[in-house]
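Here are my notes for your first look at this one. Keep the viewer open as you read, and take the points in order.

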Amino acid sequence: MSGPWPRRTGPDHDPDRTAVRRSAIRIGWQVAAVSAGLVVLIIGLVLAFVLWQSTPREELEQHAENATRIFVDSDELVVALAVIGAGAVLLAGVATWVIARRAVVPIGEALRLQRTFVADAGHELRTPLTVMDARVQQLSRKTSADDPNREVVDALRDDTRALVDIVNDLLQAATSTDDGETSSTRVGVELDAAISDLQVLAGDHGIRIEHAPTDASVTVPAVPLRRCIVALVDNAVGHAPADSVVQVGVRERGRWVDISVTDHGGGIRGVDPSRVFDRFAHGTPNVGAAPTPAAQSTSASTSTPGGAPVRRTGYGIGLALVREIAVRHGGAVRVQETGPAGTTFLLTLPSAR
């Protein structure tokens, strides 16, 4: 967790409970501030009315003989209003803090269940993936350097290692075992590796993935950075028309590094572009589009003028994970533009320079 709060890493530290508690306090302060503003406004109006009634014109005003007049000391009235106002603000702050804590309890429980599920799933996958990696290493040692299958075996070994790293990253995110150190990762290295893997799937449909060399570095570990790149490029490939180009660009901008991924489909349809990063958000599917065997990563539906895109039914999770990783490391992701000419996603991460 970032911010002015002290970092706790003991076994009793529950990051979800801490986040919920902070949200409750933040809501309490905001409502208390609004309440204080209203109290100050009311007191100001009352004082203005008293001062108006204290003018010579009002004091000399003639009243009926049977009218009741009440005289109040102005100094005592001001003190009384100040005490009442302060008490009202304090009471409003305590009440809103208690109500906010109760209101966010379901959110905290949902976060806890989500983190528990990710941790359990990652733990169950870790052992079979480790075994698989060991067996692939055995196969690699038994395959001679001049064997025509050696290249495929080496690629398979890299893939199993990537899976193990992804599971470890999921476990780290679920258990919040961040050591607080800042990583520095070269974007070009992870970009080359991710595109090399995805080009195998894109090539089946004549789609080319192009990117220019870059020496930019970001303060994001290699595994989550590659997960972001894979999800964004995989999404672009899944919605690009056959025989088209998916373009990946990297631009350094002061303290930030922008990574853009552009496809030449017909744009996002059936869902607001700002909601494509919500979990399980689905757009309008394209009729007649042929699915691909690629990993299903997202559901930001696009359509293409002319030829059918390489469309597949996703689960609406890939882009949500990209946003979660980006926010966790101090960055952001958004739809930069979308329309009949294509869609561009922009991932912004802190620069390591």
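1. A term to start with: a salt bridge here is a side-chain nitrogen of Lys or Arg within 4 Å of a carboxyl oxygen of Asp or Glu. Side chains of opposite charge can pair when their charged atoms come close. You'll find five such salt bridges in the structure.

2. Before going further, some ground rules. This is a predicted model, where local features need pLDDT of at least 70 and side-chain atom pairs count only at pLDDT 80 or more, while totals for chains, interfaces and linings use all residues. Residues are numbered from 1 along each chain as its sequence is written, and side-chain values use heavy atoms, with hydrogens and water left out.

3. Now the overall inventory. The protein chain has eight helices and seven strands; helices (H or I, at least four residues) and strands (E, at least two) are DSSP runs, numbered from the N terminus. Of its 353 residues, 36% count as buried. Buried means under 20% relative accessible area, exposed means over 50%, and partly exposed is in between (1.4 Å probe, protein chains only). Take the contacts between residues at least 6 apart in sequence: 69% of them join residues at least 24 apart, a contact being heavy atoms within 4.5 Å.

4. How far can you trust it? pLDDT is the predictor's confidence in each residue, from 0 to 100. The chain averages 75, and 73% of the residues score at least 70. Confidence is highest in β5, at 95, and lowest in helix α2 (residues 56-59), at a mean of 60. Residues 1-13 stay under 50, and the model gives them 13 contacts beyond four places in sequence. Residues 286-311 are also below 50, with 93 contacts in the model beyond near neighbours in sequence. Where pLDDT is low, the predicted coordinates should not be read in detail.

5. Start your tour at helix α5 (residues 150-175), which holds both R150 and D154. Their side chains meet in a salt bridge, 3.0 Å from N to O. Why does the spacing make sense? The two are four residues apart in the helix, so they are separated by about one helical turn. R150 is partly exposed at 22% relative accessibility, and D154 is partly exposed at 30%.

6. Next, helix α7 (residues 222-239). Are its residues mostly covered or uncovered? Mostly covered: 14 of the 18 are buried. The length checks out too, because 18 residues at 1.5 Å each should span 26 Å, and the end C-alpha atoms are 26 Å apart. (The expected span is 1.5 Å times one less than the number of residues.)

7. At 63% relative accessibility, D243 counts as exposed.

8. Now for β5, where seven of the eight residues are buried. β4 and β5 run antiparallel, joined by seven bridges; two strands pair if DSSP finds at least two bridges between them. G249 has S260 in β5 as its bridge partner. The hairpin of β4 and β5 has two residues between the strands, and G254 there takes a positive phi near 65°. β5 also pairs with β7, again antiparallel, over eight bridges.

9. Which residues make up the salt-bridge network? R251, R253 and D258. D258 meets R251 at 3.2 Å (N to O) and R253 at 2.8 Å (N to O). D258 is buried, at 4% relative accessibility, whereas R251 is partly exposed at 48% and R253 is partly exposed at 36%. D258 also stands opposite T348 in β7.

10. Last, the aromatics. Rings of Phe, Tyr and Trp (its six-membered ring) pair if their centres lie within 6.5 Å; planes under 30 degrees apart count as stacked, over 60 as edge-to-face and the rest as tilted. The structure holds one aromatic pair. F277 and F345 form it edge-to-face, 5.9 Å centre to centre with 85° between the planes. F277 lies in the loop between β5 (256-263) and α8 (318-328), and F345 in strand β7 (residues 342-350), so the pair ties together parts that are 68 residues apart in sequence. Both F277 and F345 are buried.
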